[in-house]
Amino acid sequence: MLDQNNMADIYFYQEDPDDDSENTFSDGYGGSNPDAGLTPVAKMEKYASSDNIFNRQMVARTVLETLRQVTDVVEDTQSVFMILARLGQDVEPVVRAELMEQVPHIAMYCQEVPEHLSHVVPTHLLPLVVTFLTDKNNQVRKTSQAALLVLLEQGLVEKSDVEEQVCPVIIKFTEADSLDDYRTEAVALLSKMAPMIGREMSERLFLERFAALCVDPLFHVRKVCAANFGDFSGVVGPESTEKILLPKFFYLCEDGVWGVRKACADVFMPVSCVCSPTVRQTELSPLFINLLRDQSRWVRMAAFQALGPFISTFADPAITALLHNENGEIIITDAEQLAERLNILEKTRSQQRESSSKTISANLNSEEENTVNNNTDDIVVSNTVNNNVEEMDEREDEWSAQLVATSSPKSLEERRANMYFESRRGDNSNYSTFLYWREPVASLDLVDIDLDASEGGIQDTEMVDVENKLESESSETSNSSSEPSSSNEEEPKKSEEVKNIAEEVKKEDEAVKELEEEVKLIEVTDDEDSLEENKEEESKEDTEKGEKEEEKEEKSGEDKEGEEDPVKSSGSQETSTLEMFQSSSAEKENISTFDPQNRWGSFTSLHSSRSSLDSRSTEVHPPDPALPKGPPETDQSIVPQLLIDHYVSMIDPSRAQTVDNDIARHCAFSLPAVALTLGRSNWPLLKETYETLANDMQWKVRRTLASSIHELGVILGEEVAAQDLVPIFNGFIKDLDEVRIGMLKHLADFLKLLQEKERQEYLPKLEAFLKMDNERNWRFRLELAEQLGLLVNLFTPEQVKAYLAPIGLTLVQDKVAAVRIAATVVLSNIIQLQDTELNNYLNGELADKLAHSTHWNRRQTFGVLCSELVISIPYSSFSQDLLPHLLDLSWDRVPNVRMQVAKVLGYSLPDEYYDDESLASHDLIVQALNQLSRDDDSDVREAAASGHRVNNCPPPVQMEVVVAGEEEAGVSGSPSWAEIAAK
């Protein structure tokens with residue numbers, strides 16, 4: 001991109017009147033300017049009508065410059081915009097793109113002079129941008145889109161003009177009859193415009209269209225909608241998002257194209273921030289778990305990267321409100337206020353847990369009493385079982401969301417039953433037939449089964465007799481139990497009969513179990529005979545399936561985003577691994593698949609409008625071996641436990657192979673946010689994960705933890721930090737420099753969290769930071785110097801003298817100037833403690849190692865230190881301990897040293913001390929400053945006169961007399977720069 005040029009420069013591209021060729025240039029700088037007598041508008045007219053592309057392109061670049069020259073003339077201004085409109089119809093895309101790049105600059109200038117050009121943007125520029133939005137050239141369309149966004153962002157165009165001119169065009173291009181490229185670009189532009197035009201206009205113009213585009217047949221359109229879903233939902237607000245957009249988001253998360261699902265995983269956190277806590281807990285959490293278990297590795301990778309940020313959206317808003325700085329970044333700005341708020345939050349949560357535990361125990365006692373009463377009543381009456389089961393199936397969709405969000409040791413069926421009882425408490429019934437999973441079985445006449453029969457099974461006639469007897473006995477029992485009691489005298493008899501029936505039922509249950517085991521043995525023998533016959537057919541089917549899957553994988557490799565996943569696509573209905581081993585009865589009935597060894601092996605997807613918890617219509621996921629086994633360390637209801645289990649499983653080695661090699665670093669990066677969300681009481685859920693990450697083989701993972709250990713200490717508190725974080729912190733001190741630098745940047749912040757006794761233990765360890773793997777890594781020493789300045793106030797003067805001061809003196813003699821300057825700040829902070837013994841020690845060391853050093857850069861550093869101390873410590877101490885050494889340096893041979901002394905005396909020294917003639921050092925200071933103002937070096941004289949206390953007095957010029965033979969011998973009156981540098 002060339003700079004703006006004056007119109008006079010265009011003549012270098014002019015046409016040669018003596019030659020028909022229009023691609024030749026003039027003779028260059030040597031010839032005269034043929035456009036010297038033309039006005040700026042005439043020059044534009046001349047070269048805008050040229051057949052040379054470069055001339056027209058230069059005209060487009062110089063429109064703004066010409067407009068500045070003719071702003072006061074209305075006719076010329078109109079002529080400029082007429083030429084602008086003509087360039088907008090140029091046949092060359094390069095000219096049109098160049099013109100569109102100048103539109104934002106022209107609009108900004110029009111805003112500067114509204115009295116003359118206020119009408120330009122809505123009448124000339126905005127229509128031109130709208131026209132270029134429909135251009136055939138892709139580069140021109142992209143440039144016009146960028147120009148439109150700049151106009152909106154800078155407020156250069158009115159929203160009413162955008163609504164009248166731009167929005168109808170964008171909505172038209174999102175229709176189904178438009179070209180695919182236009183539709184995709186229109187959706188992206190629509191989504192980017194929404195935050196700039198505001199909520200009201202976005203809801204009125206774009207909401208319904210955006211929702212319809214989310215289910216568009218073209219997957220490119222759906223992918224763009226998914227990628228911008230978070231920003232758009234943030235504009236329209238929670239109500240419109242949950243009512244209109246969220247069902248579309250569910251659809252996109254289950255899209256057949258993996259690129260669409262990956263885009264949904266990328267924007268899951270901003271979508272969650274918009275939704276209410278209930279929707280986040282009951283609907284978004286199961287939906288996100290489906291993305292974590294997606295068939296595509298790219299989707300799983302994006303989902304696991306967004307898992308930590310998504311969990312952080314469950315945090316208490318009262319806590320997260322304290323973690324935003326001016327730029328909107330999440331960072332701990334006030335550690336003390338955050339710690340206080342966390343303590344209050346933990347107290348309230350503990351009180352809630354105590355109250356909830358009391359209510360749960362009371363409910364359990366009442367449920368046990370009701371269960372005992374209902375057991376006796378429900379044996380007699382059993383004709384309403386089917387009705388109750390149907391009612392449970394109808395209300396299953398309503399309860400499914402609540403079931404997944406709660407973590408309980410009970411199975412899904414038991415929890416559904418409890419919720420059903422709570423909804424039925426208002427009824428007048430004293431019993432519920434749902435307590436029994438089958439009707440009571442009457443007494444049976446068991447038939448002996450001959451396992452040694454010739455055909456190896458039970459005869460058909462015997463099985464029919466058994467079934468008939470069972471049906472007759474059960475019908476008699478049901479009829480007899482349905483008869484109502486006639487009088488109060490028969491109640492004791494019925495109670496005895498009930499007891500007898502219950503005992504008979506137990507015996508019959510045992511008999512039925514034995515019968516079922518014998519039948520299973522018979523079926524196994526029959527299956528063994530037919531198994532060998534079907535082996536060849538199964539092997540053929542397996543080979544055919546394998547070939548088909550390989551073909552699909554090859555196609556997906558060629559077109560990753562365009563090809564649908566074999567499991568997610570609507571055209572294929574392949575069964576999962578777990579479904580292949582399920583019995584047919586489990587597919588037809590709502591049987592709980594809860595496994596006590598794996599808490600979440602039977603979890604399925606949840607959809608607010610699709611009843612996804614219904615086992616008859618959902619895809620069952622195989623158990624994930626990476627998830628933790630057994631109950632969690634603590635019981636919490638802040639975040640769905642399954643999300644925490646998946647987050648903890650990110651450290652599993654199998655995740656690096658099946659998901660992402662860098663997944664452990666993502667886990668470490670978001671761990672403080674997850675810990676903040678769960679609170680201090682639930683730290684045991686993450687403790688093992690944190691320790692594993694601290695010992696990870698990748699140094700990037702350990703550096704991420706080292707960089708955030710101070711924030712985690714604020715979140716967990718002093719006790720947990722001292723117990724769990726200090727050992728890890730000690731390990732980081734001995735780690736690689738790449739890891740140590742992350743911890744060193746916040747060394748003072750972490751040590752502030754510790755008690756005084758534990759903090760003192762780190763004083764001897766600070767000297768270890770002076771030892772590095774690479775001595776050239778001066779930035780490591782620079783960071784150490786900055787942290788030492790913050791550590792001074794955390795220790796006593798005796799401790800500072802013993803441990804911090806020697807490190808500061810070492811850094812102030814460093815080879816790198818930036819390190820030396822930072823070390824002067826440390827020493828200045830130490831001297832400001834005003835400890836007599838400490839100051840005497842430092843003054844002697846500074847005079848010996850800096851002021852009287854043989855290296856000129858150290859003497860210069862002493863001057864820098866004096867410039868800081870002269871305004872920070874009492875002048876009596878400065879004049880007594882440091883000023884004599886500083887005045888001695890005013891005669892230094894190196895100009896840089898004298899220049900630093902001149903800055904201190906001429907500028908840094910306060911006026912009250914310089915003007916006070918009663919001070920003993922006044923005459924010495926004035927004499928030294930006058931001497932420096934007449935120095936041979938001009939930089940020294942400028943430094944002395946910088947405070948306007950003396951004038952810059954250059955010395956008189958003297959004629960040098962060169963003695964014969966002296967020049968050849970190389971003898972000179974002043975030392976060379978090489979000699980100065982050596983000193």
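Residues are numbered from 1 along each chain as its sequence is written, and side-chain values use heavy atoms, with hydrogens and water left out. Because the model is predicted, local features need pLDDT of at least 70 and side-chain atom pairs count only at pLDDT 80 or more, while totals for chains, interfaces and linings use all residues.

Take helix H18 (residues 277-292) and helix H29 (residues 641-648) to begin with: their axes sit 10 Å apart at an angle of about 30 degrees. The pair is therefore roughly parallel (an angle under 35 degrees). Ser-285, Phe-288, Ile-289 and Leu-292 on the H18 side meet Leu-642, Leu-643 and His-646 of H29, contact being heavy atoms within 4.5 Å. Sorted by class, these residues come out as 5 nonpolar, 2 polar and no charged.

Phe-288 turns up again in the largest nonpolar core, which has 219 residues; such a core is a set of buried (under 20% relative accessible area, 1.4 Å probe, protein chains only) Ala, Val, Leu, Ile, Met, Phe, Trp, Tyr and Cys residues joined through side-chain atoms within 4.5 Å. Phe-288 is listed with Met-193, Phe-249, Phe-878 and Leu-905 as having the most contacts inside that core. Leaving aside residues up to four places away in sequence, Phe-288 touches Phe-268, Ala-303, Ala-306, Leu-307, Phe-310 and Leu-643.

Then there's helix H1 (residues 40-48), packed on helix H4 (residues 74-87) at about 15 degrees, with axes 10 Å apart. That makes this pair roughly parallel too.

Conventions:
Axes fitted to C-alpha atoms, helices over the stretch in contact; angles between N-to-C directions. Helix = DSSP H or I, 4+ residues; strand = E, 2+ residues; numbered from the N terminus. Parallel < 35°, antiparallel > 145°, perpendicular 65-115°, else oblique. Nonpolar A, V, L, I, M, F, W, Y, C, P; charged D, E, K, R; others polar. Buried < 20%, exposed > 50% of the residue type's maximum accessible area, 1.4 Å probe, protein only.
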